[in-house]
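Let's take a walk through this protein together, one region at a time. Have the viewer open and follow along.

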Amino acid sequence: MTMRTILKSWIERYFSDEEALILLLVLVAGFAAIIWFGRMLAPFFTALVLAFLLQGVVSALTRRGVPHLLAVIIVFMAFVGVLLTLAFILMPLIWNQLVGLVQETPRMFASGQGLLDELQARYPNLITPDQMQSWIGVAGREISQLGQRALTLSLASLGNVMSLIIYLVLVPILVFFMLKDRQALVGFSLSLLPQKRTLLTRIWKEMDRQIANYIRGKAIEIVIVATVSFFTFAFFGLPYTALLAVLVGFSVLVPYIGATVATIPVAAVAGFHFGISEQFVYVLIAYGVIQALDGNVLAPVLFSETNNIHPVSIIVAVLFFGGIWGFWGVFFAIPLATLLKALVYAWPRGDEPESVQIIERE
């Protein structure tokens, strides 16, 4: 069998259906728009995500008899209140703590160097002077790069003030009209598609349910984990509580990896503040309890309706989409992996009977 015959057979199997070709064109156009125009349309995509988050609250209010416009106004005003709180209270606090942590990094480095000297003196056969100097050199280079990045970020942020103002003004306006005119916007989008769209409708309904559940659940999980972490760190008297709590909260975006990465700054700050003491151990134990409860109680409750995806697939999706789109790629890694899984199971196969495809999907 020649390569041409194999390719022809593969095309006839997967692209003989008209809806399959339409779905392929929609997917290619969507990803191309995000890749090529993602930076330009970033406020629009940000507003789209936020509107997707808030639509569930609007729908819940309308189901309880609240008029649609009134529900939109209530939800939008609550959203603006949260946005202003973040912009004028939480963000300055986190920024000040970040600046303080960067300024205190040399002292933490000196403390860590002293700890290494003590370990080398106690265990000369385990840690050689060459190894210690190598570790100190690597840590020094990383701290130097961190300082340079912080300086670059602060200088760049001066030039991005106008962009921030545009986001703070334009995104709320887009969110309001997306919530208010949702039916009209969805109807217009559907009018651009062919009348025959059974496959598109089935996949869209499945993905709408999955992505809505994931985004809203992940937002709730971030808030709960960050709040619990804040009060836990404050109870132990740990410095930089707001910064560490936000870091731990956002670590849940990256399953399996985020919790491990967030452990490093928590352990470093606790070790520098308390030393190797019982208080340091208590902080790590409390942090471990938070992560355990999140992974074994909170996440299963919030994402009980989400399709189960193998951990290897999740990690690959995080690495791939995070490498392409950065933060948003990491945030949407699991929904995108769910989309690919739904496409694989729902894609029509020309040489298989419908009953076989239904069994595969089940």
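**A walk through the helices**

Start at Gln55, which touches Leu179, Arg182 and Arg216 once residues up to four places away in sequence are set aside; contact here means heavy atoms within 4.5 Å. Before going on, keep in mind that this is a predicted model, where local features need pLDDT of at least 70, side-chain atom pairs count only at pLDDT 80 or more, and totals for chains, interfaces and linings use all residues. Residues are numbered from 1 along each chain as its sequence is written, and side-chain values use heavy atoms, with hydrogens and water left out.

Back to Gln55: its place is in helix H3. Helices are DSSP runs of H or I with at least four residues, strands are runs of E with at least two, and both are numbered from the N terminus. Gln55 has a relative accessible area of 10%, so it is buried. For that scale, buried means under 20% relative accessible area, exposed means over 50%, and partly exposed is in between, using a 1.4 Å probe and protein chains only.

Now zoom out. The protein has 14 helices and zero strands, so if you read along the sequence you get α-α-α-α-α-α-α-α-α-α-α-α-α-α. Of its 362 residues, 32% count as buried. Take the contacts between residues at least 6 apart in sequence, and 71% of them join residues at least 24 apart. The accessible surface comes to about 22200 Å², and carbon and sulfur atoms own 71% of it; such areas come from the Shrake-Rupley method with a 1.4 Å probe, and for residues only the protein chains shown count as cover.

Which helix is largely enclosed by the rest of the structure? That's H9, because seven of its ten residues are buried. The buried ones are Thr241, Ala242, Leu243, Leu244, Ala245, Val248 and Gly249. Thr241 lies in this helix, which covers residues 241-250. With 12% relative accessibility, Thr241 counts as buried, and it touches Gln97, Phe230, Phe233 and Ala234, again leaving out residues up to four places away in sequence.

Next, the aromatics. The structure holds seven aromatic pairs. Rings of Phe, Tyr and Trp (its six-membered ring) pair if their centres lie within 6.5 Å; planes under 30 degrees apart count as stacked, over 60 as edge-to-face, and the rest as tilted. Phe235 and Phe236 have ring centres 5.3 Å apart and planes at 80°, so this pair is edge-to-face. Phe235 is exposed at 69% relative accessible area, whereas Phe236 counts as buried at 16%. Phe320 and Phe321 are also edge-to-face, because their centres are 5.1 Å apart and their planes sit at 80°. Phe321 is buried, at 7% relative accessibility. Elsewhere, Phe76, Phe79, Phe176 and Phe177 make up one aromatic cluster.

Phe320 also leads us to the surface. Together with Ile35, Trp36, Phe37, Met40, Leu41, Phe44, Leu48 and Ile324, Phe320 forms a nonpolar patch with about 960 Å² of accessible area. Helices H2 (18-37), H3 (42-63) and H12 (311-331) each give two or more residues to this patch, and H2 supplies the largest share, with three. Finish at Leu41, in the loop between H2 and H3: its relative accessible area is 34%, so Leu41 is partly exposed.

Note on methods. Patches are made of residues with over 30% relative accessible area and no salt bridge: like charges are joined within 9 Å, nonpolar side chains (Val, Leu, Ile, Met, Phe, Trp, Tyr) within 5 Å. A salt bridge is a side-chain nitrogen of Lys or Arg within 4 Å of a carboxyl oxygen of Asp or Glu.
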